Amino acid sequence: MSSPNPVPLPPGHADRVAAAFSQQAPVFDAIEAPNAILHWMRGRVRTHVLGLLPPGSRILELNAGTGLDAAFFAGHGHHVHATDAAPGMVAQLRARIEAESLHERVTVEQRAYTDLAGLPAGAYDGIFSNFGGLNCIPDLAPVIDEFARLLRPGGVVVLVVMPRVSLWEIGALLKGHFRLAFRRFRPGGVMARVEVGGTAFRTWYFSPARVSRAFGPGFDVRRHGLGALVPPPHLIGFPRRFPRLFALLCRWETRVAAWPPFRSWADHIVLSARYRG
């Protein structure tokens with residue numbers, strides 16, 4: 001159920017977010033390509049989603065970006081309706097679908113995840129959102145409210161969001177970086193940029209327990225951490241400098257990601273919910 005007192009969005013917020021991600025769209029794939037941490041995280045999420053969906057599922061993807069995940073799931077036999085609010089991302093997404101001849105398995109629409117009312121009811125086996133795109137609004141309850149209408153009974157939701165507690169960021173205290181260590185706790189959100197010099201916009205961090213409760217009694221919700229032991233993606237040089245330690249952290253995180261506190265204290269949290277219908 002939606003929050004009784006929703007936090008109002010700053011004037012022009014949606015336009016700034018769309019502009020910020022559109023600016024990054026032409027270089028998005030090139031930035032991610034050399035980042036071993038992002039590759040590991042994306043692989044973990046994809047494996048998790050594939051394990052929840054039956055063959056030939058119909059997936060609604062929110063903030064699909066350039067279509068990296070949409071193309072992946074299409075390649076595994078699923079049908080994806082890929083949506084994004086940023087026109088630059090949608091342009092890159094359409095170009096990918098054209099280049100990889102995925103028209104039969106991927107449809108594309110410029111649509112914000114705050115505007116799901118126009119999508120058909122009971123049309124999807126899964127709803128998916130990766131890597132914190134949902135953190136661009138202060139309250140996910142109004143978005144989650146639409147999921148029961150959109151899903152078929154037994155359908156699943158997988159949301160990858162950024163929580164308030166990141167063990168690696170709090171660890172920045174050891175180097176005296178107080179602003180970084182506690183930035184996620186600011187109630188009014190944090191100003192962010194997708195890339196240096198890009199358009200600034202406000203982002204918010206969520207309590208995983210509160211997001212889980214927003215699904216309501218019709219869903220069975222579980223969560224696990226992503227980047228609890230493994231360093232966050234901005235530490236791009238870590239795997240090269242400490243390859244053995246990085247491999248060890250990857251192995252251990254795979255084992256403990258669903259345990260408290262790691263399932264709530266991480267760079268990202270993977271929330272999985274199955275709709276009982």
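Modeller: The conversation below takes up the cavity and then the helix pairs.

Modeller: This is a predicted model, in which local features need pLDDT of at least 70, side-chain atom pairs count only at pLDDT 80 or more, and totals for chains, interfaces and linings use all residues. Residues are numbered from 1 along each chain as its sequence is written, and side-chain values use heavy atoms, with hydrogens and water left out.

Colleague: How many cavities of 30 Å³ or more are there?

Modeller: The structure holds one. A cavity here is a set of points on a 1 Å grid over the protein atoms alone where a 1.4 Å probe fits but cannot get out.

Colleague: Which residues line the largest cavity?

Modeller: The lining consists of Val49, Leu53, Ile59, Gly126, Ile127, Phe128, Val156, Val157 and Val158, where a lining residue has an atom within 4 Å of a point. By class, eight are nonpolar, one is polar and none is charged. Nonpolar covers Ala, Val, Leu, Ile, Met, Phe, Trp, Tyr, Cys and Pro; charged covers Asp, Glu, Lys and Arg; the others, Gly among them, are polar.

Colleague: Which strands supply at least two residues each of that lining?

Modeller: Strand 4 (124–129) and strand 5 (151–161) do. Strands are DSSP runs of E with at least two residues, helices are runs of H or I with at least four, and both are numbered from the N terminus.

Colleague: Turning to helices, at what angle do helix 3 and helix 4 pack?

Modeller: Helix 3 (residues 36–52) and helix 4 (residues 68–75) pack at about 40°, with their axes 12 Å apart. Axes are lines fitted to C-alpha atoms over the stretch in contact, and angles run from 0 to 180 degrees between N-to-C directions. The two helices are therefore oblique to each other: angles under 35 degrees count as roughly parallel, over 145 as roughly antiparallel, 65 to 115 as roughly perpendicular and the rest as oblique.

Colleague: Which residues meet there?

Modeller: Arg42, Arg46, Val49 and Leu50 in helix 3 meet Leu68, Asp69, Phe72 and Phe73 in helix 4, contact being heavy atoms within 4.5 Å. That contact has five nonpolar, no polar and three charged residues.

Colleague: And how is helix 3 placed against helix 12?

Modeller: Helix 3 and helix 12 (residues 243–256) pack at about 20°, with axes 12 Å apart. That makes helix 3 roughly parallel to helix 12. In helix 3, Ala36, Ile37, Trp40 and Arg44 meet Phe246, Cys250, Glu253 and Thr254 of helix 12.

Terms used:
On a 1 Å grid over the protein atoms alone, a cavity is a set of points where a 1.4 Å probe fits but cannot get out, and a pocket is an open set with protein on both sides within 12 Å along at least five of seven lines; lining residues have an atom within 4 Å of a point. Grid points are joined across faces, edges and corners, and a volume is the space filled by probe spheres set on the points.
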